[in-house]
Amino acid sequence: MIILELLVFLVSIIFFSLSISGFGSLLTHKIKSNFFIDIFFGFIIISLIITFIHFFSKINFLISGSIFLFGFALFFKKKNLSPFFKKKENLLYLLVIIFLLPMFISQKYHEDFGYYHLPYSLTFLEEKIVFGFANIDQPFVYNSIWLNLNPIFFLKNKNFNFQTLPVFLLFIGFVIFSINKILEKKQIKISDYYLTTILFYFLLKFTRISEFGVDFPAVIFSVLSIFYFIKFYETNENSKRKSFFYLNLTFSIFSILIKLSTLPVFILTIYLYFSNFRNFKFYIFNYKFLIIYFLCLVFFIQQFIYTGCFLFPTNFTCLNVSWFNIDYLNLSKQLELTNKSYS
């Protein structure tokens, strides 16, 4: 029975990974990418889709299933089999997944899960977006874009066993991505040493995926942003530099939308832009940046609908709408704002 459950779980991991990467391939077809970069971008696209849909409809099993089936179809339509994804390496990837499985299976939910992560996800299943949602409970005053992903991993009858699966999939993707990057080149560079250090730190520090809430995905995307900042200075090719800047900017913004305390990572993006202003002054208006800009717009609209403020807790972004509560601006005295994704 246990073996059967593990087999079903492994198949689920493969299915969800292929589906998520299918969405990611929509953005990475013109840059040198691989299966795992597609997964990183896939999370960005799906978070946009699910947030936008929730403006007009509650998220049910049909919507969730359709999203994953569409992504799965995209994967095979794009024939997204990366050059490194060879048979001799598949065994290594499978061993990594099996090695990391205990982190997910033995998890115990962190204290915030029942406090506001699970209730937040349930609102996506029961209602479309609610104006003044922040008035229900204080933790809903500021949202993480990552929490918008969780509802589509509900099974029927609101089974929440897979609620932390997106974090686990992201972690697996990052681990294998790092291993591949480190081993693929004969010449070791600074970025490889950086990934090696981070990889060992993650394996030692994050032994239970569920205990770190939205902190872990925010950290992973921040690490990816810094990695491509380093990669930027390891090449002199203009096309590669543009690709690395695009990856750096996209991952840094997404990490901030997950957890606002990662905002300092955007300093590196600003530095890249202004230190290479001649090349990048119009590049940031390229159409491929639109997805991350649109995600920011949708996120701020969601935040406004929840609180009456486009960015909490800044008074100048708040409008005097019927659902706005002045007490929102005083929450820093009552909540652990830094630890719970507040500024």
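Predicted model: local features only at pLDDT ≥ 70, side-chain atom pairs only at ≥ 80, totals over all residues.
Residues are numbered from 1 along each chain as its sequence is written, and side-chain values use heavy atoms, with hydrogens and water left out.

**Overall architecture**

The protein has 12 helices and 0 strands, where helices (H or I, at least four residues) and strands (E, at least two) are DSSP runs numbered from the N terminus. Of its 343 residues, 55% count as buried, a class that means under 20% relative accessible area, with exposed meaning over 50% and partly exposed the range in between (1.4 Å probe, protein chains only). Among contacts (heavy atoms within 4.5 Å) between residues at least 6 apart in sequence, 72% join residues at least 24 apart.

Helix 2 is mostly covered, with 17 of its 20 residues buried. F40 is found in this helix, which comprises residues 35–54, and at 0% relative accessibility F40 counts as buried. Leaving aside neighbours within four places in sequence, F40 is in contact with L170, G173, F174, F177, F221, L224 and F251. The C-alpha atoms of F40 and F221 are separated by 8.2 Å, although the two residues lie 181 residues apart along the chain.

Helix 3 (residues 61–77) has 17 residues that should span 24 Å at 1.5 Å a residue, and its end C-alpha atoms are 24 Å apart, which agrees. The buried residues in helix 3 are I63, S64, I67, F68, G71, L74 and F75. They cover an arc of only 130° around the axis, which puts them on the same side of helix 3; the arc is that of the directions from the helix axis to the C-beta atoms. The face of helix 3 turned away from this buried side carries the exposed residues L62, L69 and K77. At the start of the helix, a side-chain oxygen of N60 reaches to within 3.1 Å of the backbone nitrogen of L62.

**The nonpolar core**

In soluble globular proteins, nonpolar side chains tend to be buried together. In this model the largest nonpolar core has 111 residues, and those with the most contacts inside it are W146, F221 and F245; such a core is a set of buried Ala, Val, Leu, Ile, Met, Phe, Trp, Tyr and Cys residues joined through side-chain atoms within 4.5 Å. Not counting residues up to four places away in sequence, F245 touches F232, T269, L272, Y273, F280, Y283, I284 and F289.

S144 is placed in the loop between helix 5 and helix 6, and at 4% relative accessibility S144 counts as buried. A polar atom of the S144 side chain lies 2.6 Å from the backbone oxygen of I258, a polar contact being a pair of N or O atoms within 3.5 Å, of which, within protein, one must be able to donate a hydrogen and the other to accept it, with residues adjacent in sequence counting only if both atoms are side-chain atoms. Beyond its neighbours within four places in sequence, S144 is in contact with V214, L257, I258 and F299.

N150 is found in the loop between helix 5 (111–126) and helix 6 (165–183), and N150 is buried, with a relative accessible area of 6%. With neighbours within four places in sequence set aside, N150 is in contact with S121, Q163 and P166.

**Salt bridges**

Side chains of opposite charge can pair when their charged atoms come close. Taking a salt bridge as a side-chain nitrogen of Lys or Arg within 4 Å of a carboxyl oxygen of Asp or Glu, the count comes to 2.

| Salt bridge | N to O distance |
|---|---|
| D215 and K259 | 3.8 Å |
| E237 and K240 | 3.8 Å |

D215 counts as partly exposed at 30% relative accessibility, whereas K259 counts as buried at 6%. In the other pair, E237 is partly exposed at 42% relative accessibility, and K240 is partly exposed with a relative accessible area of 35%.

Note on methods
Expected span 1.5 Å × (residues − 1).
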